[in-house]
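Please consult the sequence and structure shown below alongside the text.

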Amino acid sequence: MRPYILAETNWKDIQNQKFDVAVLPWGATEAHNYHLPYGTDIIEADNIAAEAARKAWEAGAKVIVLPTIPFGVNTGQTDILLDINMSPSTQAAVLNDVLEVLNRQGIHKLLVLNSHGGNDFRTMIRELGLKYPAMFISSCNWFQSLDKSEFFENPGDHADEMETSLLLHLRPDLVLPLEEAGEGLDKKPKIKAYKEGWAWAERKWSQVTEDTGVGNPKKATKEKGERFFEAVTDKMSGLFVDLAKANLNDLYE
């Protein structure tokens, strides 16, 4: 039993604990090229949250990791078989219910640890922050916390070299041989503003990529995944510790 993982704890152990911060991992269920499982984002969220929490707990931070939400926003993938969409309004309702419990029970810091590029919690946090003024609500995208070029050769953002390397480290039993993977070629927008990144529109996934991947995974290795996992969980654990220590009445300098 890991005392910082809610799903593994029990009432006998937890009833007298006091937690400083709750972490809510949030993933998605979707196709990841030909070679990675539909649960890739969930597996990453579970493992990164747990290992970062272990490191934070050993540093003295009283953190509790809630069960990972397995569905994310997949509104651009409606024609990809069994990509399960959870609409932003549904996410906001789920987040509200979690916050209501934490607020009532005196755990006033919540971090949403996001593991899916289609999820964006910022507008929800703004609205729910007004409803729960005692709560400090924040989110982070673990996949944006490090410079990936220091670890991987090929860029990408879905079932790419980074995600493939992570899964080769975390769950190699669920990764097909890389010769079976697609190359993750993706089409770029024709409209200049979207291509430059200062305007945004949702990507229609089946028009952008044939194999559902974005980024070539062929140079992925277990060793790269292990190195990146250690670095990203170090980064996340630092955030957990800082949040646990933070005085909510003295957050700015």
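A salt bridge is a side-chain nitrogen of Lys or Arg within 4 Å of a carboxyl oxygen of Asp or Glu. By this rule, the structure holds 16 salt bridges. This is a predicted model, in which local features need pLDDT of at least 70 and side-chain atom pairs count only at pLDDT 80 or more, while totals for chains, interfaces and linings use all residues. Residues are numbered from 1 along each chain as its sequence is written, and side-chain values use heavy atoms, with hydrogens and water left out.

**Salt bridges**

- Side chains of opposite charge can pair when their charged atoms come close.
- E8 and R2 form a salt bridge through their side chains, at 2.5 Å from N to O.
- E8 is partly exposed at 32% relative accessibility, and R2 is partly exposed at 34%; here buried means under 20% relative accessible area, exposed over 50%, and partly exposed in between (1.4 Å probe, protein chains only).
- A salt bridge also joins E58 to R54, with the closest N and O atoms 3.1 Å apart.
- E58 and R54 lie about one helical turn from each other because they are four residues apart in helix α2 (residues 40–58); helices (H or I, at least four residues) and strands (E, at least two) are DSSP runs, numbered from the N terminus.
- E58 is exposed, with a relative accessible area of 59%, whereas R54 is partly exposed at 26%.
- K55 and E230 meet in a salt bridge of 3.2 Å, N to O.
- This pair links distant parts of the chain, since K55 belongs to helix α2 and E230 to helix α8 (residues 222–245), 175 residues apart.
- K55 is buried, with a relative accessible area of 14%, while E230 is partly exposed at 35%.
- A network of salt bridges links E153, E161, K219 and K224.

- Strand β3 (residues 109–114) is mostly covered, six of its six residues being buried.
- Both faces of β3 are covered: K109, L111 and L113 are buried on one side, and L110, V112 and N114 on the other.
- Strand β1 (residues 21–26) pairs with β3 in the parallel sense over five bridges; two strands pair if DSSP finds at least two bridges between them.
- L113 in β3 is the bridge partner of P25.
- β3 also pairs in the parallel sense with strand β4 (residues 136–141), over six bridges.
- N141 in β4 is the bridge partner of N114.
- From β3 the chain crosses through helix α4 (residues 122–131) to β4 in a right-handed β-α-β crossover, meaning that, with the strands pointing away from the viewer, the path from the first strand over the helix to the second runs clockwise.

**Helix α5**

- Helix α5 (residues 161–170) is largely enclosed by the rest of the structure because nine of its ten residues are buried.
- The buried residues of α5 include E161, M162, L166 and L170.
- Among the elements covering them are α2, β5 (156–158) and α8, where contact means heavy atoms within 4.5 Å.

**Nonpolar surface patch**

- Y38, F71, L81, L82 and I84 make a nonpolar surface patch of about 470 Å².
- Patches are made of residues with over 30% relative accessible area and no salt bridge, like charges being joined within 9 Å and nonpolar side chains (Val, Leu, Ile, Met, Phe, Trp, Tyr) within 5 Å.
- Accessible areas come from the Shrake-Rupley method with a 1.4 Å probe, and for residues only the protein chains shown count as cover.
- I84 lies in the loop between β2 (63–65) and α3 (88–104), and I84 is partly exposed, with a relative accessible area of 30%.
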